[in-house]
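This report describes the ligand shell, the voids and the charge pairing of one protein model.

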Amino acid sequence: MVSWLVTGSNRGIGLGFIRKLSADPNNIVFAVTRNKSTSSDLLELESRLKNVHVLQADITDVPSLRNIATEVGKVTGGTLDVLVNNGAYLPQERADYTLDMYDGKEDLLDEDFGNFFKVNTLGVIKTINVFLPLLRKASQTSLAKIITISSGAGDSEFVVNTAFDSVAAYSVSKAAVNMVTAKYAARFKGENLLFLSISPGLVNTHPEIPEEVVLESLRPIITKFQTSYPEWDGKPLTPEQSVTTVLDIVSRLTTKDSGASLTHNGGTKDWL
Ligand SMILES: NC(=O)c1ccc[n+]([C@@H]2O[C@H](COP(=O)([O-])OP(=O)(O)OC[C@H]3O[C@@H](n4cnc5c(N)ncnc54)[C@H](OP(=O)(O)O)[C@@H]3O)[C@@H](O)[C@H]2O)c1
């Protein structure tokens with residue numbers, strides 16, 4: 001059995017991971033949500049499938065993470081094979097913000113960067129630290145993996161090539177989490193632990209909204225991306241398509257890949 005824990009799993013890409021992973025009876029899947037009682041999709045899966053366990057934690061809150069680590073340990077005998085750091089803060093309010101727009105709004109600058117870093121960067125560090133003992137125990141018998149879902153928004157070359165100047169605070173928090181991956185890879189080099197950042201691609205996480213409405217809201221960004229990636233069809237992936245490609249890459253990783261930041265296509269430049 002392979003044990004997986006996915007944060008931010010009650011919707012979007014995280015729920016896609018849980019659906020895909022739980023379909024394989026060889027997996028034990030720990031689905032982490034901030035509010036178990038309202039996570040109806042997860043509760044439905046848990047009621048139907050023996051290999052799904054729904055746990056409640058906020059990745060910024062270490063006591064809540066320690067509680068679920070204890071719960072995971074009780075099921076697995078103190079190990080965890082794969083941690084997927086998927087949960088993230090991505091509100092739409094400041095999606096169009098470029099860095100210069102914060103001039104004269106320094107309180108907002110401090111607040112935004114604080115909020116994005118607290119979840120997307122520091123929350124990932126807290127989660128990894130809490131689960132390291134379980135991951136290291138798993139690494140005594142097989143390669144334990146720490147997968148952090150990052151974004152092309154955090155890649156300097158992609159940002160410059162596509163003139164992707166908006167979602168500034170989010171992008172910087174994702175660039176920072178790529179360095180978090182590299183630092184852990186450096187720290188545990190030589191151990192049977194693999195740290196990877198991987199972008200899921202552009203994913204439509206709003207199945208409830210008609211596709212044309214989603215595409216229209218993303219039009220400015222899609223147009224920018226297509227200028228540099230003319231061969232891209234401009235269609236966001238479904239969560240299922242995204243997690244299928246990500247999991248395929250994850251299944252092929254070796255310790256040589258530790259510390260890398262990859263795209264969902266498995267490379268370092270093919271972001272779309
Ligand atoms: N969608 C894309 O096109 C895209 C592109 C590039 C990268 N990504 C990355 O892919 C991952 C998933 O994105 P998504 O589009 O599926 O996002 P989403 O639909 O907005 O879901 C985000 C998830 O993170 C959880 N979360 C937020 N703050 C948290 C916290 N403090 N502790 C624990 N969980 C928290 C949310 O929980 P609640 O439901 O309780 O709020 C939710 O489950 C993120 O890391 C994102 O940066 C997405």
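## Salt bridges

How many salt bridges does the count come to, if a salt bridge is a side-chain nitrogen of Lys or Arg within 4 Å of a carboxyl oxygen of Asp or Glu? The count comes to 9 salt bridges by this rule. The model is predicted, so local features need pLDDT of at least 70 and side-chain atom pairs count only at pLDDT 80 or more, while totals for chains, interfaces and linings use all residues. Residues are numbered from 1 along each chain as its sequence is written, and side-chain values use heavy atoms, with hydrogens and water left out.

Side chains of opposite charge can pair when their charged atoms come close. One of the salt bridges joins glutamate 71 to lysine 74, with the closest N and O atoms 3.3 Å apart. These two residues are separated by about one helical turn because they lie 3 residues apart in helix α3 (residues 62-76). Helices (H or I, at least four residues) and strands (E, at least two) are DSSP runs, numbered from the N terminus.

## Ligand shell

An N or O atom in the side chain of arginine 34 lies 2.6 Å from an oxygen atom of the ligand, and for arginine 11 the corresponding distance to a ligand oxygen is 2.7 Å. A polar backbone atom of isoleucine 59 is 2.9 Å from a nitrogen atom of the ligand. Taken alone, the ligand exposes 910 Å², of which the protein buries 89% (Shrake-Rupley method, 1.4 Å probe).

## Second largest pocket

A pocket is an open set of points on a 1 Å grid over the protein atoms alone, with protein on both sides within 12 Å along at least five of seven lines; lining residues have an atom within 4 Å of a point. The second largest pocket has a volume of about 210 Å³, a volume being the space filled by probe spheres set on the points. Its lining has 15 residues, and Val159, Phe164, Ala168, Ser171 and Val172 lie nearest its centre. Helices α5 (156-161) and α6 each supply at least two lining residues, and the largest share, 4 residues, comes from α6.

## Cavity

The structure holds 1 cavity of 30 Å³ or more, a cavity being a set of grid points where a 1.4 Å probe fits but cannot get out. Among the residues lining the largest cavity are Ser150, Asn178, Ile198 and Trp271. Strands β6 (193-198) and β7 (261-262) are the elements that give two or more residues to this lining. The lining has 3 nonpolar, 6 polar and no charged residues.

Definitions and conventions
Nonpolar A, V, L, I, M, F, W, Y, C, P; charged D, E, K, R; others polar. Polar contact = N/O pair within 3.5 Å; in protein donor to acceptor, adjacent residues only side chain to side chain.
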